[in-house]
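Visitor: Could you walk me through this model and show me how to read its features? I would like the general idea each time, and then the case at hand.

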Amino acid sequence: MKTSWRTASLVVSAAAVLTLTTACGQDTAPPASSQNVGASAAPGDLGGIDTGAGTASPEAPAGGVGTLGVATNAELGELVTDELGLTLYRFDQDTAQPPKSNCDGDCAKTWPPVLADDAKAGKGIDASLLGEVTRADGTKQLTVDGWPAYRYVKDVNAGDVKGQGVGGKWFGLTPEGKKAQAADLPGLSTRKDPELGEIVVDKDGMTVYRFTKDEAWPKPVSACTGACLEKWPVVAPVDINDTKGIEKKNYMKFTRPDNGAEQQTIYCWPIYTFAGDKAPGDTNGQGVGGTWYAVRPDGKPVGAPEK
């Protein structure tokens, strides 16, 4: 593996579901969350539909991998890694029979091809599945069961899987050359975010948010209407038996007066996802406008300023 790649890698730093009545919960209502109003922010660049390319580092070169290894991710299972523990990926627009890479130019800056010259099969890797394909520039790229292998420039630390699901076309490589897929999730569950702590996610692993302009007491009221709902889609009702780790007290749905749709709440607070989150694990909606925050299992907003 080329020294320049390694250097760059290290530097890039007891209640059931409630039926809505005139009040949400009959005990003492908790203090309302911060209601400070911030400017509405539009989602960021939602590009990368074809290649998943984001902001690429032009200095990030392609490189070898050294001895391949296998790491186990709690959600995705076993993944192929390079000798530094960085995850390797495959691209849905490539082909394995015959092997062919369709990621060049800017795409290859964001997804550096893994060179085959120094690749070795480590523990858990079947050497017979390793091969190579000649790229358009004449370099030899590593393949796993025919699929060209790449890194992702936003993966900095061993175990990072920030490339998983990007653009709906990029997936971690399993030792068999398959694309890594998360196990089926409940309708609502939680995950441990490295920066935000335990937060709620939907059945697709997408982060769930709260809007501080909403109300929960004495009944749920959503202040996100019209164009706001295009950026912040509501979470449809989820049966309490299809949840894991969610606070069951005052877990209920309500009917929106603006469009008649039913929306889920956690502890009576309306919940949403964010159109700017493109892959499981994204938290691009966190803090948007000073009014949108990821949700804790008890319904409280993560990181919202104290009133």
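**Reading the model, feature by feature**

Guide: Let's begin with a single side chain: Trp111 has a relative accessibility of 0%, so it counts as buried. Buried stands for under 20% relative accessible area, exposed for over 50%, and partly exposed for what lies in between, using a 1.4 Å probe and protein chains only. Please keep in mind that this is a predicted model, in which local features need pLDDT of at least 70 and side-chain atom pairs count only at pLDDT 80 or more, while totals for chains, interfaces and linings use all residues. Residues are numbered from 1 along each chain as its sequence is written, and side-chain values use heavy atoms, with hydrogens and water left out.

Visitor: How much of the chain do buried residues make up?

Guide: They account for 45% of its 307 residues. The accessible surface is about 14,600 Å², and 52% of that belongs to carbon and sulfur atoms. Such areas come from the Shrake-Rupley method with a 1.4 Å probe; for residues, only the protein chains shown count as cover.

Visitor: And how many helices and strands are there in the chain?

Guide: The chain has three helices and 17 strands.

Visitor: How do I read an aromatic pair, and how many does the structure hold?

Guide: A pair of aromatic rings is described by how far apart the centres are and by the angle of the planes. Rings of Phe, Tyr and Trp (its six-membered ring) pair if their centres lie within 6.5 Å; planes under 30 degrees apart are stacked, over 60 edge-to-face, and the rest tilted. This structure holds 13 such pairs. In one of them, the ring centres of Tyr89 and Trp111 are 5.6 Å apart and the planes stand at 80°, so the pair is edge-to-face. Tyr89 is in strand S3 (residues 89-91) and Trp111 in the loop between helix H2 (106-110) and strand S6 (120-121), so distant parts of the chain, 22 residues apart, are linked. Tyr89 has 0% relative accessibility, so it counts as buried.

Visitor: What about Tyr209 and Trp232?

Guide: Their centres are 5.5 Å apart with the planes at 80°, so that pair is edge-to-face. Tyr209 belongs to strand S13 (residues 209-211) and Trp232 to the loop between helix H3 (228-231) and S14, so parts 23 residues apart in sequence are tied together. Tyr209 and Trp232 are buried.

Visitor: Which residues form an aromatic cluster with Tyr89?

Guide: Phe91, Trp111, Tyr150, Tyr152 and Trp170 form one cluster with Tyr89.

Visitor: Where does the charged end of Arg90 sit?

Guide: Over the ring of Trp147, 3.7 Å from its centre. A charge sits over a ring if NZ of Lys or CZ of Arg is within 6 Å of the ring centre and within 35 degrees of the ring normal. Arg210 lies over the face of Trp269, at 3.7 Å from the ring centre.

Visitor: Now the cysteines, please. How many disulfides does a search of the whole structure find?

Guide: A disulfide is a covalent bond between two cysteine sulfurs; here it is assigned when the two sulfur atoms are within 2.5 Å. The search finds two. Cys103 is joined to Cys107 with an S to S distance of 2.0 Å, and the -110° about that S-S bond makes the link left-handed. Cys103 and Cys107 are buried. Cys224 and Cys228 have their sulfur atoms 1.9 Å apart, and the torsion there is about -110°, so that disulfide is left-handed.

Visitor: Lastly, how do I read a sheet, and what is the order of the one with S14, S15 and S16?

Guide: Strands of a sheet pair through backbone hydrogen bonds, either parallel or antiparallel. Two strands are taken as paired if DSSP finds at least two bridges between them. This open sheet has the order S14-S15-S16, with antiparallel pairing. S14 (253-255) and S16 (269-270) stand at the edges with a single partner strand each, so one side of each has no neighbour in the sheet. S14 and S15 pair over three bridges, with Phe254 partnered by Gln263. S15 (residues 262-266) and S16 are joined by two bridges, and Thr265 stands opposite Pro270. Four of the five residues of S15 are buried, so the strand is largely enclosed by the rest of the structure.
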